[in-house]
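Let us walk through this structure together, one region at a time. Keep the 3D view open as you read.

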Amino acid sequence: MKLSSSILALACVALAPLGFSEDEAKPTGYTDTPFLPGGKWRVHDDARPRPKVVTPGKTTADAPSDAIVLFDGKDLSEWQMAKDKSPADWVVKDGFFEVPDKSKSAGGPIATKREFENVQLHIEWASPAEVVSNSQGRGNSGIFFPGNFELQVLDSYENKTYADGQASALYGWKPPLVNAARKPGEWQTYDIIFEAPKWDAEGNLLKKAHITVFHNGVLTQHRQAYLGATGHKRVANYNKVTGKGPISLQNHSNPVRFRNIWIRELDLNAND
Ligand code: MG
């Protein structure tokens, strides 16, 4: 008896690093608990599929195993000019890319070649180290999610501008909860969850677009609904039905830099 319990203890020690336990084969859930709303799964249901394993990066900046890398510091192969799908002509150097000078570009935004809907996006950006303008002219760019929903990119460090035009604002609608901007020229991060709007077959809006944003690790938008597709000097609306599409980066003629961009496509109903 004493020997067998020692062997069992040894086996547990040996198997523990592999994620196994002596009870691995036994059910961990229940088959006699009440049903949850919807009638599909019981409370702690043993038959309910366990979540898919995703290996996280070494830091939150590193792409996890199921991410699509949209820029790894080398080339713009995942991007194209938004207006005509010609090769992206933004400047790649030293592990980042930059909004080009007007004279050296066909102009306008660049867009992902792939189309997206609900996503988690990590993107790093830096406004120009040299401050040459003010307000909306300082390090202005933007991330546009499918349907033209902008998350503003701006040098918001000691830069007076209107509240709904700051970095991490839903441009023309919601200022960020706080201003978490770093200094001009310093690398900044956005970790974003974008939920696409939903429409019925007749084109009626069922669910607005929503966004959650961490700016430099600080929560700046918490599942904030968009008022509609972003515009300038007008109230946004949902007059146009939109669907899956590319994500684009705004060319506002300021040399804003971007690096380390990765994205995860989200199945928001994975556990239904
Ligand atoms: Mg902008």
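A word on labels comes first: strands are DSSP runs of at least two residues, marked E and numbered from the N terminus. The model you are looking at is predicted.

Stay with Ser253 for a moment, as its backbone has something to show. Its phi is near 65°, a positive value in a residue other than glycine. Glu158 has 68% relative accessibility, so it counts as exposed.

Now turn to the charged side chains. How many salt bridges does the count come to? The count comes to ten salt bridges. One of them joins the side chains of Asp72 and Lys74, at 3.8 Å from N to O. Asp72 is partly exposed, with a relative accessible area of 48%, while Lys74, at 63%, counts as exposed.

Another salt bridge brings together the side chains of Glu124 and Arg259, at 2.8 Å from N to O. Glu124 lies in strand E6 (residues 119-126) and Arg259 in strand E15, so this pair ties together parts that are 135 residues apart in sequence. Glu124 is buried, with a relative accessible area of 6%, whereas Arg259 counts as partly exposed at 29%.

Arg223 and Glu195 form a salt bridge too, and their closest N and O atoms are 2.8 Å apart. Here Arg223 belongs to strand E13 and Glu195 to strand E9, so the pair ties together parts that are 28 residues apart in sequence. Arg223 is partly exposed, with a relative accessible area of 43%, and Glu195 counts as buried at 8% relative accessibility. Some salt bridges also share partners: in this way Lys93, Glu98 and Arg257 are joined into one network.

Arg257 is found in strand E15 and is partly exposed, with a relative accessible area of 32%. Which distance separates Arg257 from Ser127 in space, C-alpha to C-alpha? The two are 6.5 Å apart in space, although 130 residues apart in sequence. Ser127 itself sits in the loop between E6 and strand E7 (141-145). At 3% relative accessibility, Ser127 counts as buried, since buried means under 20%. The C-alpha atoms of Ser127 and Arg182 are separated by 9.3 Å, and these two residues are 55 residues apart along the chain.

For another pair, look at Asp89 and Ala61. They are 28 residues apart in sequence, and their C-alpha atoms are 26 Å apart in space. Asp89 is placed in the loop between strand E2 (79-81) and strand E3 (91-93). With 25% relative accessibility, Asp89 counts as partly exposed.

Next, the surface. Leu177, Val178, Phe214, Val218 and Leu219 form a nonpolar patch there, and together they have about 390 Å² of accessible area. Leu219 is placed in strand E13 (residues 218-225). At 30% relative accessibility, Leu219 counts as partly exposed.

Our last stop is a pocket. Rolling a probe the size of a water molecule over the atoms shows where empty space is left. The largest pocket holds about 300 Å³ of space. Which residues line the largest pocket? The lining is made up of Pro51, Lys52, Val54, Asp66, Arg264, Glu265, Leu266, Asp267, Leu268, Asn269, Ala270 and Asn271. These lining residues divide into five nonpolar, two polar and five charged.

Conventions:
Residues numbered from 1 in each chain as written. Predicted model: local features only at pLDDT ≥ 70, side-chain atom pairs only at ≥ 80, totals over all residues. Heavy atoms only, no water. Buried < 20%, exposed > 50% of the residue type's maximum accessible area, 1.4 Å probe, protein only. 1 Å grid on protein atoms, 1.4 Å probe; cavity = no way out; pocket = protein on both sides within 12 Å on 5 of 7 lines; lining within 4 Å. Points joined across faces, edges and corners; volume = space filled by probe spheres on them. Nonpolar A, V, L, I, M, F, W, Y, C, P; charged D, E, K, R; others polar. Patch = residues over 30% accessible without salt bridge, like charges linked within 9 Å, V, L, I, M, F, W, Y side chains within 5 Å. Areas by Shrake-Rupley, 256 points an atom, 1.4 Å probe, with all protein chains shown as cover. Salt bridge = Lys/Arg side-chain N within 4 Å of Asp/Glu carboxyl O. Helix = DSSP H or I, 4+ residues; strand = E, 2+ residues; numbered from the N terminus.
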